[in-house]
Amino acid sequence: MKDSGTWSRRGFLQALATFATVMLPAGGAARASPTGKLVIAHRGASGYLPEHTLAAKAMAHAMGADFLEQDVVLSRDEVAVVLHDITLEATTNVASVFPGRARDDGRYYAIDFDWAELRQLSVNERVNAEGAARYPLRFPADAPLFRLHTLAEELALVRGLNSSTGRVAGIYPELKAPRWHAAQGKDVGAVVGRVLAESGYGGGDAPVFVQSFDAAALKAFPETTGLDLPLVQLIGENRWWPEDPNDFDAMRTPAGLDAIAEYAAGIGPWFQQLVSGLEPGGSPASTGLAGEARTWGLVVHPYTLRADQLPEGIASFEQLLELLLVEEDVDGVFTDHPDRVRAWLDTLSN
Ligand code: CA
């Protein structure tokens with residue numbers, strides 16, 4: 001229902017109020033964005049260090065990100081591991097450490113390995129199927145300097161940095177492929193909820209958003225976990241995952257946003273769903289989605305802003321930031337370059 005005080009919205013507003021408080025400690029150096037816009041470090045400072053490494057998270061924290069993102073998949077022994085893909089070969093050396101452990105499709109699935117095995121792998125900058133760097137200008141892909149880590153370990157790092165710097169960054173875990181996990185006999189939402197509760201992120205005042213592309217997983221999360229946390233419905237494109245039962249076209253309609261507002265505090269759309277015309281010869285034009293979402297009381301956190309991968313028709317990263325954070329007035333952005341967004345927001349407030 002429009003503008004009704006659902007539990008999710010109350011919980012979100014309570015969390016946001018507390019978050020603002022912890023971001024503004026009396027006499028401390030920390031402070032929220034003067035503009036109130038959230039800088040969400042996508043897989044950490046992944047524009048500079050391999051995604052989802054503790055180093056990338058520490059760098060994002062130091063760059064002034066308001067929230068750090070964690071994608072979460074489960075190991076065979078149901079450890080919550082911070083990893084974007086359900087497979088390992090694009091970001092680790094799994095093929096050389098565990099040859100022969102691929103499934104018939106040639107892929108190495110994290111869920112086929114115990115955590116004691118996964119922790120033996122080194123993590124590298126993302127490569128494509130041919131082994132070439134996905135983002136050639138980023139950290140060298142051949143440097144075996146990093147390791148996988150668990151969600152609990154990452155939350156310990158964030159808490160430690162919050163304590164040692166006096167500046168609190170929130171967390172933004174994503175339940176990855178919940179239906180796929182369920183088909184393997186595992187409940188990723190339940191495990192993530194347990195880790196959050198055990199790590200001090202189970203309360204309504206914790207600076208945390210829980211995100212997923214899967215509506216059913218988000219709807220089930222409060223009851224499965226017993227946690228009342230603000231949820232964010234990610235919105236993809238139906239053409240990306242033709243087999244997926246989530247109807248992302250329907251989610252972007254007023255009726256779809258009304259339904260999302262019943263269980264979530266916000267949406268995480270692909271940024272090109274907010275601004276169209278980002279193609280050769282096109283001129284950027286609002287789709288109206290961000291404004292419509294706001295009328296349903298939903299915050300809007302589009303993904304993913306990359307300074308080294310601008311859409312056609314956009315001349316600079318700053319132009320993209322202007323389009324989304326000013327013209328569309330979104331509440332925050334997922335970005336691989338949190339320093340660039342922070343610096344740009346600071347210029348707005350000066
Ligand atoms: Ca994610």
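Helix axes here are lines fitted to C-alpha atoms over the stretch in contact, and angles between them run from 0 to 180 degrees between N-to-C directions. The legends below describe close-up views of a predicted model.

**Figure 1. Overview of the protein chain.** The predicted model holds 13 helices and 13 strands in the protein chain. The chain has 350 residues, of which 53% count as buried. Among contacts between residues at least 6 apart in sequence, 69% join residues at least 24 apart.

**Figure 2. Helix H2 against helix H5.** Two packed helices are described by the angle between their axes and the distance between the axes. For H2 (residues 54–62) and H5, the axes come within 11 Å and cross at roughly 30°. Angles under 35 degrees count as roughly parallel, and H2 is therefore roughly parallel to H5. The crossing of these two helices is right-handed. On the H2 side, the contact is made by Leu54, Lys57, Ala58 and His61. H5 contributes Glu154, Leu157, Val158, Leu161, Asn162 and Thr165. By class, the residues of the contact of H2 with H5 are five nonpolar, three polar and two charged.

**Figure 3. Helix H5 against helix H7.** H5 covers residues 151–165 and H7 covers residues 188–198. Their axes come within 10 Å and cross at roughly 30°. The crossing of H5 and H7 is right-handed. Leu151, Ala152 and Leu155 are the H5 residues in this view, and they meet Val192, Val195 and Leu196 of H7. The contact of H5 with H7 consists of six nonpolar residues, with no polar and no charged ones.

**Figure 4. Strand S1 and its two partners.** In a regular strand the side chains alternate between the two faces of the sheet. In S1 (38–41), Leu38 and Ile40 point one way, while Val39 and Ala41 point the other way. All four of these residues are buried. S1 runs parallel to strand S13 (residues 332–335), and four bridges join the two. Within this pairing, Thr335 of S13 is the bridge partner of Ala41. S1 also pairs with strand S2 (residues 67–74), in the parallel sense and over two bridges. In S2, the residue opposite Ala41 is Leu68.

Figure 5. S8 spans residues 231–235, and five of its five residues are buried, so the strand is largely enclosed by the rest of the structure. Leu231, Gln233 and Ile235 lie on one side of S8, and Val232 and Leu234 lie on the other. Both faces are covered. Strand S7 (residues 210–212) pairs with S8 in the parallel sense over three bridges. Val210 has Leu231 of S8 as its bridge partner.

Figure 6. Arg43 is placed in the loop between S1 and H2. Arg43 is not a glycine, yet its phi is positive, at about 60°. The relative accessible area of Arg43 is 10%. Buried means under 20%, so Arg43 is buried.

Figure 7. Ala177 has a positive phi of about 45° although it is not a glycine. With a relative accessible area of 32%, Ala177 is partly exposed.

Figure 8. Trp240 belongs to the loop between S8 and helix H9 (248–251). Its relative accessible area is 29%, and Trp240 is partly exposed. Leaving aside neighbours within four places in sequence, Trp240 is in contact with Trp270 and Tyr303. Tyr303 also takes part in a cis peptide bond: the bond from Tyr303 to Thr304 is cis, with omega near -25°. Thr304 sits in the loop between strand S12 (299–300) and helix H12 (317–327).

Terms used
Residues are numbered from 1 along each chain as its sequence is written. This is a predicted model: local features need pLDDT of at least 70, side-chain atom pairs count only at pLDDT 80 or more; totals for chains, interfaces and linings use all residues. Side-chain values use heavy atoms; hydrogens and water are left out. A crossing is left-handed if the near helix is turned anticlockwise from the far one by less than a right angle, and right-handed if clockwise. Contact means heavy atoms within 4.5 Å. Ala, Val, Leu, Ile, Met, Phe, Trp, Tyr, Cys and Pro count as nonpolar, Asp, Glu, Lys and Arg as charged, and the others, Gly among them, as polar. Angles under 35 degrees count as roughly parallel, over 145 as roughly antiparallel, 65 to 115 as roughly perpendicular and the rest as oblique. Buried means under 20% relative accessible area, exposed over 50%, partly exposed in between (1.4 Å probe, protein chains only). Two strands pair if DSSP finds at least two bridges between them.
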